[in-house]
Amino acid sequence: MHTWVLPVVVAVASVIIAWAAYRVQMSAARKQIEQDLAEARQLRESAQEQLEAERRELKLQAKEEALRLREQVEAEVKAQRDELDKAKRRLEEREDRIERLTTEMDNRSRNLRNREKEIEQQAERAEELIEEQERELQRVAGLTRQQAKDMLLAEVDEEITQDANQLVRQTIANAKEEADRRANEIIAWAIQRCAVDHTAESTVSVVPLPSDDMKGRIIGREGRNIRAFEQATGVDLIVDDTPEAVVLSAFDPIRREVARIALERLIADGRIHPGRIEEAVGRAREEIEQTMKEAGEQATFETGVSGLHPELVRLLGKLHFRTSYGQNVLKHSIEVAHLAGAMAGECGAKVAIARRAGLLHDIGKAVDYERDGSHSLIGMEICRARQEPEAVTHAIAAHHEEVPMETVEAFLVQAADAISAARPGARRETLETYLKRLEGLETIAKSFNGVDKCYAIQAGRELRVMVKPEQVDDRQAQRLAKRMAERIQSEMEYPGQIRVTVIREKRAVEYAQ
């Protein structure tokens, strides 16, 4: 054999063996790939089945959560409707009670007039009896006509005058006691809440919008945003045809201010949804609380009043958002504190007590829409609960004469309150209207016979009339005051109430020489 044959054979055999090994490896690799593909298909099918099961479970959970939220919202809406119905029923009951009391007072007034007529009839009957007795005495006793007349007139006049005066005094006292007892709360409630000309201006806030498209975003899908906003703030959000503006309406000025700040921030941010609304309202509340605290502390600093309870400082800050006939109550309180302190220094009274009581005299207005009663009595209770001195609480309660005044400081606080509220420009009333009301009061008083002088004082809240004692007696003075009050009530328009005081003074003067 040739020497080259063996290497060739070996090479050919190596090639054949390598090719066979390659085919075996390729077959094994193909089987492995097919096995891996089968496992991958199984895993994909298993993952799809698991994903579909989780999707069905999530849908079921979402439906259950939606149903739960719907039931919760319906329950809250039902609770709010029930509360509104209760408030409406309470308001109707209060109106019915006011109407009944008004009817009772009208009946008592008619009864009083009937009794006066009966007295006049008795007087006429007495005159007839006098004539009969005069004729009988002339016949029996042989007295002259003038003598009998003088005797009978003196006797009958004294008896009738005593009976009539006693009957009138008793009737007026009973009527006044009953009317005062039942009408105090009603009158205080009505006076503080029936400033119709100014209520519309002081219970709404207008928030400007960048465009009318923002109204839809404020309302939200199916109204969810506006419902969430009203529920979070307790304020009515009115979206009407007013271009580029919405209205916030609420009697509570704090809630209205919180709602205004929160809504302005939501509009500026542009993201309006229930979660964002709650966050904005919470931040606005914190800001208002801080503002109230700072306003109260600033008021105590300006007036030099120290050592107030933190809650009283906070309530003073709430007065920063409260107005009375357009006058800011906190600024009014600061002014009253300065006036009362200055007058106390001039007359030798306790300056610190007068200034402290002047600053706190209207603090009841911070919560008077939450409690029953007048703001002066509410303020007295609040300050007494915070350990304020008795002289301060008494001046607060007495500044509208709801309790008798017992201290000089109480008189000074009342005078300072009247000065601050009565000065021209302090309240939302023009000088022309103010002077016209005072002139009208004095004109009505001067139209009655027997009036000597009359003065409208305390910004027209009191009419003080001096009568001629030789023309008007005590009984006629009482009737004169009643008739003046009726004329004022029927002919004039005025806020609150006007007190008519008729003064009859008789002086006897002699000189020793």
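A bit of housekeeping before you click. This is a predicted model, in which local features need pLDDT of at least 70, side-chain atom pairs count only at pLDDT 80 or more, and totals for chains, interfaces and linings use all residues. Residues are numbered from 1 along each chain as its sequence is written, and side-chain values use heavy atoms, with hydrogens and water left out.

**Stop one: helix α1**

The structure holds 22 salt bridges (a side-chain nitrogen of Lys or Arg within 4 Å of a carboxyl oxygen of Asp or Glu). Start by selecting R68 and E65, whose closest N and O atoms sit 2.3 Å apart in a salt bridge. Both belong to helix α1, residues 5-140, and because they are 3 residues apart, about one helical turn separates them. (Helices here are DSSP runs of H or I, at least four residues, numbered from the N terminus.) R68 is partly exposed at 41% relative accessibility, and E65 is partly exposed too, at 36%. For the cut-offs: buried is under 20% relative accessible area, exposed is over 50%, and partly exposed is in between, using a 1.4 Å probe and protein chains only.

Next, pick R260 and E264. They pair in a salt bridge with the closest N and O atoms 3.0 Å apart, and both lie in helix α6 (residues 253-269), 4 residues apart, or about one turn. R260 is partly exposed at 22%; E264 is partly exposed at 34%.

Now select D269, R271, R276, E279 and R283 together: a network of salt bridges links them.

Jump to R384 and E390, whose side chains meet in a salt bridge at 3.1 Å, N to O. R384 counts as partly exposed, at 42% relative accessibility, while E390 is exposed at 51%.

Then click Q387, in the loop between α11 (375-385) and α12 (390-398). Q387 is exposed, with a relative accessible area of 68%.

**Last stop: the α4–α5 loop**

Finish at E222, which you'll find in the loop between α4 (213-219) and α5 (224-233). E222 is another non-glycine with a positive phi, about 55 degrees. Buried or exposed, what is E222? Exposed, at 72% relative accessibility.

Note on methods
Helix = DSSP H or I, 4+ residues; strand = E, 2+ residues; numbered from the N terminus.
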